[in-house]
Amino acid sequence: MWSEKSIKLINLIEFLSKYYIVIIIGFCALLYSSFGFKKDTSRSIRIITIYLICYFLSEFAMRLHAAYGIRNHYVSHFYFLPQFVLLSLFYKTLFTKFQKKIVNTILITILSILTIQYITFPKLLVELNTLEVLLTNSAIIFYAILHLYNSLTEKGKFMYINAGILLYISCSTLIFFLFRLVNFKELEINSDPIILVNRLLMIGYISLYIIEYKQTLWKSIK
């Protein structure tokens, strides 16, 4: 059982994180946009900049829908699919020639599977698609682990970003399926602490992008 002080602390942190998440993501997107579209900017950074902008827009849209009590499940597709495509392209710039072929195969295969699924079951376009989450997030986690493996033999690039992607997407995927299991089993649990953990993970995730900017990217553009 949570004590009264613990509940108050959780409520305070939840209140702060609820309104600061979008601001932090927006700040990070602006930070990367300040140099992400310059002519001499690498393709990797340009892709990450576009990803952060898409991340901000999808998160903002979800919060806006929730604030007005509008069903926002369809917005999830504008989060998971762009994330999958853009991070696939991002890791492709970091991989070897053979690994790039693996990324191409995974990208085409997953997009084909999801396209067939949405054509067959169009109602899923306005719902949270469990298969979409599983396939896209699993692929990204695989990329992150592969990049971590590559860094064992040579100096890895964007290691803060890679750590954030690996930790956040792994944990958020587990949280997502935990909620799906709870809903399926029709169990009654207090979901507030889990939601809070996910929001704190999001803040930590974006913070690693800011650390990457300060520790690595800022030095290259000074």
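**View 1. A nonpolar patch on the surface, formed by Phe60, Leu64, Tyr68 and Ile70.** In this predicted model, local features need pLDDT of at least 70 and side-chain atom pairs count only at pLDDT 80 or more, while totals for chains, interfaces and linings use all residues. Residues are numbered from 1 along each chain as its sequence is written, and side-chain values use heavy atoms, with hydrogens and water left out. Together, the four residues of the patch have about 440 Å² of accessible area, a quantity that comes from the Shrake-Rupley method with a 1.4 Å probe, where for residues only the protein chains shown count as cover. Patches are made of residues with over 30% relative accessible area and no salt bridge, with like charges joined within 9 Å and nonpolar side chains (Val, Leu, Ile, Met, Phe, Trp, Tyr) within 5 Å; a salt bridge is a side-chain nitrogen of Lys or Arg within 4 Å of a carboxyl oxygen of Asp or Glu. Tyr68 lies in the loop between α2 (43-67) and α3 (77-92), and its relative accessibility of 65% makes it count as exposed. Here buried means under 20% relative accessible area, exposed over 50%, and partly exposed in between (1.4 Å probe, protein chains only).

**View 2. The helices of the protein chain.** The chain has seven helices and zero strands, where helices (H or I, at least four residues) and strands (E, at least two) are DSSP runs, numbered from the N terminus. Of its 222 residues, 39% count as buried, and the accessible surface comes to about 13,100 Å², of which 69% belongs to carbon and sulfur atoms.

**View 3. The aromatic pair of Tyr32 and Tyr209.** The structure holds 20 aromatic pairs, in which rings of Phe, Tyr and Trp (its six-membered ring) have centres within 6.5 Å, with planes under 30 degrees apart counted as stacked, over 60 as edge-to-face and the rest as tilted. In the pair of Tyr32 and Tyr209, the ring centres are 6.3 Å apart and the planes stand at 75 degrees, so the pair is edge-to-face. Tyr32 lies in helix α1 (residues 4-36) and Tyr209 in helix α7 (residues 192-221), so the pair ties together parts that are 177 residues apart in sequence. Tyr32 counts as buried at 1% relative accessibility, and Tyr209 counts as buried at 1% as well. Ring pairs link both residues into a cluster whose members include Phe35, Tyr51, Tyr55 and Tyr168.

**View 4. Surroundings of Tyr32 and Thr49.** Not counting residues up to four places away in sequence, Tyr32 touches Ile48, Thr49, Leu52, Ile161, Tyr209, Glu212, Tyr213 and Leu217, where contact means heavy atoms within 4.5 Å. Thr49, found in helix α2, is buried with a relative accessible area of 0%; leaving aside its neighbours within four places in sequence, Thr49 is in contact with Tyr32, Ser33, Gly36 and Phe37.

**View 5. Leu131 in helix α5.** Leu131 has its place in helix α5 (residues 130-150) and is partly exposed, with a relative accessible area of 31%. Not counting residues up to four places away in sequence, Leu131 touches Ile113, Leu114 and Gln117. The C-alpha atoms of Leu131 and Gln117 are separated by 9.3 Å, and the two residues are 14 residues apart along the chain.
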